Amino acid sequence: MNNRQLTSMLIKRGIISLPELKQLEDLSAETGESIKDILFRDNRLDENHLVDILSEQYNVPKIQLSELDIDPEVISILSPQIVNRYKVVPISRIGNTLTVAMTDPSNMNAQDDIKFLTDYNVEVVVAAASEIEEAIEKYYGTTDKRGAAYGDLTFDMEDLLSEVDDLSINELEFEEGEDIEATIRDSSDAPVVRLVNMILLDAIKKKASDIHIEPYEKSFRVRLRLDGVLYDTLHPPRHMMDAIIARFKVMSNLDIAEKRIPQDGRIKIKVGKEEAIDFRVSVCPVIFGEKVVLRLLDKSNLQLDMTKLGFYEEQLEIFQEAIHKPYGMVIVTGPTGSGKTTTLYSALFELNTDDVNICTAEDPVEFNLEGINQVPIRDQIGLNFAAALRSFLRQDPDIIMVGEIRDYETGEIAVKAALTGHMVLSTLHTNDAPSSITRLMNMGIESFLVTSSVNLVMAQRLGRRICEKCKEEVKVEKEELLKLGIKESQIKGGYQIYEGKGCEICNGTGYKGRIAFYEILDMKEDIKEAVLNGASSMELKELGIQMGMSTMRMSANKRLLEGVTTIAEVLRNTAPDD
């Protein structure tokens, strides 16, 4: 708590006046003492009075630590380094909630770091500083006053971190004029290495899909994307920022001296005897430094079994029939992170037999699939999707996967490949399945080529599953379900809607894992005829529904009624059907 926060509270309670504040500030500047210490010395404020003020100000309970006998199991939750760093003492644990006594309940960084390190929700009570020191001495045997070096918060992870293989650091050449040696030295310092390793390991343990390292003017934070949603997990000290970012750049073999342009790299680590895990690293300059985003590419989490992706039986039959045709094009569409790559990989896994030649062009190659020829796109040297496709056609392919159709040239070659006896799988970025047809034509591809080549278009989104451990029924009015587009006939015999209340299994979110919502437009003759007649995407959607297509909202609503997901996830991932 800084002087301004304290003096604001003291003035508000009439303990000091504004004229006295000026005198106290002058005396503080002259002696180097804090205003709190001056007031303590002059007996105008004591610890018990300060505890009362803090308890009232922050609406947290106050306790006397000397009256408590704390369970050794609770004490063992926090390391000596943590309690000394933040001047906290754990006093109880109930379920997934850890209660800690602090001298400063406004210290959110301490609470965030404790939550990050322990995986417990943190509740705070306030206690006198002298009692905190006595409790640390009593339960931890030391009152280390070193100021707690920033790396100390990772020391209790030592056993876990020892499982990580050492990573070699490549020597790089740097521009003159920058203190690169100091940056390298800081980034290789044990506390920084430990903290970076801990961030990577925590992401693996929690099965995160992405790690965001974000610098701001006065803060520095780490966020994890869990089941498609970002969660704030850690706030390292701002002065660690350069060393942490440098460590990530060194591990991914990027130029540590180049801070003006984006850079991309990869990190591979191995935890114990598990298969190595890749991290795709993207570093981008922002206004207050460099932002680092790491995408976890854990092959052990890659789901290649189509029956487990979330298809309904009739949807799976349509999709499998389309990919098993001897030629044509199957398009999967959806936003970034909607599972398109997983769906395509599962299709390739099913099609991958000894009697076919499969070639893929990907930007970048996320997973190495045995028996498939995968080409990474490198635009900087002219190896784009169009160039890769042209090369594939001279490689005697049976099945081609194009990571994304971005322009007319790529789309034209893909369509021609589909028309000349090849099965082509690709992705587009559109909001629904019918829009993909109009997008191809807007690129300049003739409608007759589209109808002749495209077998099927599938749109998808990923919604979060309700955690089975803390799942409970909630009361929802019938009118609310009807507003979602659920038909009266679907809920006529009664319905049950569920939510997760949050537990230790789901980190308090109420969700665990994700499931896909699909919208599949099968290119039947009526659909092709409508495309040739210039039908809009809305008209194609209406025609598809008439022919039995389930829209994204319909698929999500069905999962809602099955108790798999929540109303909030239906609304977050799907748009109403017009």
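**Exercise 1.** Which residues make the nonpolar surface patch of about 310 Å²?

*Solution.* This is a predicted model, in which local features need pLDDT of at least 70 and side-chain atom pairs count only at pLDDT 80 or more, while totals for chains, interfaces and linings use all residues. Residues are numbered from 1 along each chain as its sequence is written, and side-chain values use heavy atoms, with hydrogens and water left out. The patch is made by Y216, I287 and F288. Of these, Y216 lies in the loop between β4 (210–215) and β5 (220–226), and Y216 is partly exposed, because its relative accessible area is 33% (buried means under 20%, exposed over 50%, partly exposed in between, with a 1.4 Å probe and protein chains only).

**Exercise 2.** Describe how F311 and Y518 are paired.

*Solution.* Rings of Phe, Tyr and Trp (its six-membered ring) pair if their centres lie within 6.5 Å, and planes under 30 degrees apart count as stacked, over 60 as edge-to-face and the rest as tilted. By this rule there are three aromatic pairs. In one of them, F311 and Y518 are stacked, at 4.0 Å centre to centre and with 5 degrees between the planes. F311 lies in the loop between β9 (289–297) and α13 (313–323) and Y518 in strand β18 (residues 511–522), so the pair ties together parts that are 207 residues apart in sequence. Both F311 and Y518 are buried.

**Exercise 3.** Classify the pair of Y345 and F367.

*Solution.* The ring centres of Y345 and F367 are 6.1 Å apart and the planes stand at 75 degrees, so this pair is edge-to-face. Y345 is buried, since its relative accessible area is 0%, and F367 is buried as well, with 10%.

Note on methods: Patches are made of residues with over 30% relative accessible area and no salt bridge: like charges are joined within 9 Å, nonpolar side chains (Val, Leu, Ile, Met, Phe, Trp, Tyr) within 5 Å. Accessible areas come from the Shrake-Rupley method with a 1.4 Å probe; for residues, only the protein chains shown count as cover. A salt bridge is a side-chain nitrogen of Lys or Arg within 4 Å of a carboxyl oxygen of Asp or Glu. Helices (H or I, at least four residues) and strands (E, at least two) are DSSP runs, numbered from the N terminus.
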